[in-house]
Amino acid sequence: MKKLTVEVVTPDGRIVNDQFDMVVVHSEKGELGILPGHAPLIAPLIISSARLKTGNESMKVAIGGGLVEVDQDHVTLLAQSAETPAKIDVQRARKAKERAERRIQQKRDHVDFRRAELALKRAINRLNMIDEDI
Amino acid sequence: MIPSLREIQKRINSTEKTKQITNAMHMVAASKLGKSETTNHAFVAYAEKIEEMVHHIVESYGEHNHPIIIPRKVKKTAYFVVTADRGLAGPFNNQVLRRLEEIIAERHHSPREYTIISIGRIGRDYFKKRNMPVLRTVTDLPDNPYFSDLEDLTFDTVQFYLDGEFDQLEMIYNHFLSAMTQEVRSKRILPLIGEDDVEDLKKSRHSEFIFEPNEEEILKSLLPQYAESLIYGAFLESKASENAARMNAMRNATDNADKMISDLRMQYNRARQAQITQELSEIISGADAQND
């Protein structure tokens, strides 16, 4: 059976580079399942988790927003941050969540507000991944 | 007066100690440079991929009106200046600040026409002392940074541009060519293309990609991410250059100390020889006087 070559690329390096049967990501329009033979595609990803499946096994990756590119059974997830559940620092994510919540309440300038909003979404996304695992 | 033996010995000892310190700093910088190169290497895969995607989309899309791509009338320019937190790195900091001064002197008549975004203590102190307009300043970034260390600054910078805080962004930083050579670069980051290239963009080409939902929406999220990656890339270059510059400066200092020690040893031996000769001639003349 044909497989997908999946790469998850972040500014800190490639965190996944392997073969999978199926990839499920969340684009702005909703869930997107990619199987081998998919048409070439580029779509933005929201802050969410991606699932990489082989047989019955499924691997999750927290995506801090980015893009997905599909080109001839080669799937590239391009994200500013991405972690597998094992790599998530729970302490740090909790602290980031609290800090972001504080900053949103203070409502200083609007740049700060938007940034805090994104930080909060990313922290919640990371924490969700851990909770689902337990 | 010729210095005494003890004085020379003291100077030799203190130079030896300085040499030990500069030598240690040289080793530390060399190992940090090694790590910087690994970080840069990890980043290259991302940088290449995002650039490729931008090309795919920009090429297939004829009507470009996104502010990140298209130049607008420049009322205010922002200079993103990357310096180090510490000195002792040869010309690393000075040459960046000098380049900024040159550019400002050439282009601007009043401080209202430009603003500065600065990384590093050296830059921060320099701008503060001269009362230059600073929009954001960040210091004490780690030697081996992750993208998250710089995320807030890159995000804010791009947002400021989109909000019209400034109309053009230029980075001034040390570009890493090799462990021996680094050069100061000033590079336009925003807008992504210059006035002259706008016409080229209007010709759209066919692309086999499906853009979901459409090119415009993708550009909205891709372009800021791309601009941020350019800033981060330049910062990584600067970090590698800093470690290389510090390594070279400390190696030169160690070499100079070696040379100084060998000169001092020569002086020491001469003085010792002179002392022995003098003592001998005193003994001989004393003995001669007794024989008479």
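Trainee: What makes β3(A) and β4(A) a hairpin?

Mentor: There are 2 residues between them, and β3 (residues 22-27) and β4 (residues 30-34) of chain A pair in the antiparallel sense over 5 bridges. Two strands pair if DSSP finds at least two bridges between them, so 5 passes. One of the bridges sets A:H26 against A:E31 in β4(A). Strands here are DSSP runs of E (at least two residues) and helices are runs of H or I (at least four), numbered from the N terminus.

Trainee: What sort of model is this, and which residues count?

Mentor: It's a predicted model, in which local features need pLDDT of at least 70, side-chain atom pairs count only at pLDDT 80 or more, and totals for chains, interfaces and linings use all residues. Residues are numbered from 1 along each chain as its sequence is written, while chains are lettered from A and ligands numbered from 1 in the order in which they are written.

Trainee: How do you know that β5 (residues 41-54) of chain A pairs with β6(B)?

Mentor: Same rule: 2 bridges meet the "at least two" requirement, so they count as a pair. The sense is parallel, and A:I42 stands opposite B:F211.

Trainee: Which strands of the chain B sheet are called edge strands, and why?

Mentor: The order is β3-β2-β1-β4-β5, an open sheet with mixed pairing. β3 (134-138) and β5 (182-190) each pair on one side only, and that makes them the edges. Further in, β1 (residues 77-82) and β2 (residues 114-119) of chain B run parallel over 6 bridges, with B:F80 opposite B:I117.

Trainee: What packs on that sheet?

Mentor: Helix α2 (residues 92-107) of chain B touches β1, β2, β4 (168-176) and β5 of chain B, and makes about 150 degrees with β4(B). Helix α6 (residues 215-291) of chain B touches β1, β2, β4 and β5 of chain B too, but makes about 30 degrees with β4(B).

Trainee: Which residues of α4(B) and α6(B) meet?

Mentor: Among them are B:F147 and B:L150 in α4(B), and B:I231 and B:F235 in α6(B). By class, the contact has 9 nonpolar, 2 polar and 1 charged residues. Nonpolar covers Ala, Val, Leu, Ile, Met, Phe, Trp, Tyr, Cys and Pro, charged covers Asp, Glu, Lys and Arg, and the others, Gly among them, are polar.

Trainee: How do you know that chain B is in contact with chain A?

Mentor: Two residues are in contact if their C-beta atoms, placed from the backbone, lie within 7 Å. By that test, 31 residues of chain B contact 24 of chain A. α1 (5-60), α4 (147-162), β6 (210-211) and α6 of chain B each supply at least two residues to the chain B side. α1(B) gives the most, with 9 residues. That side has 18 nonpolar, 6 polar and 7 charged residues.

How values were computed:
Axes are lines fitted to C-alpha atoms, for helices over the stretch in contact, and angles run from 0 to 180 degrees between N-to-C directions.
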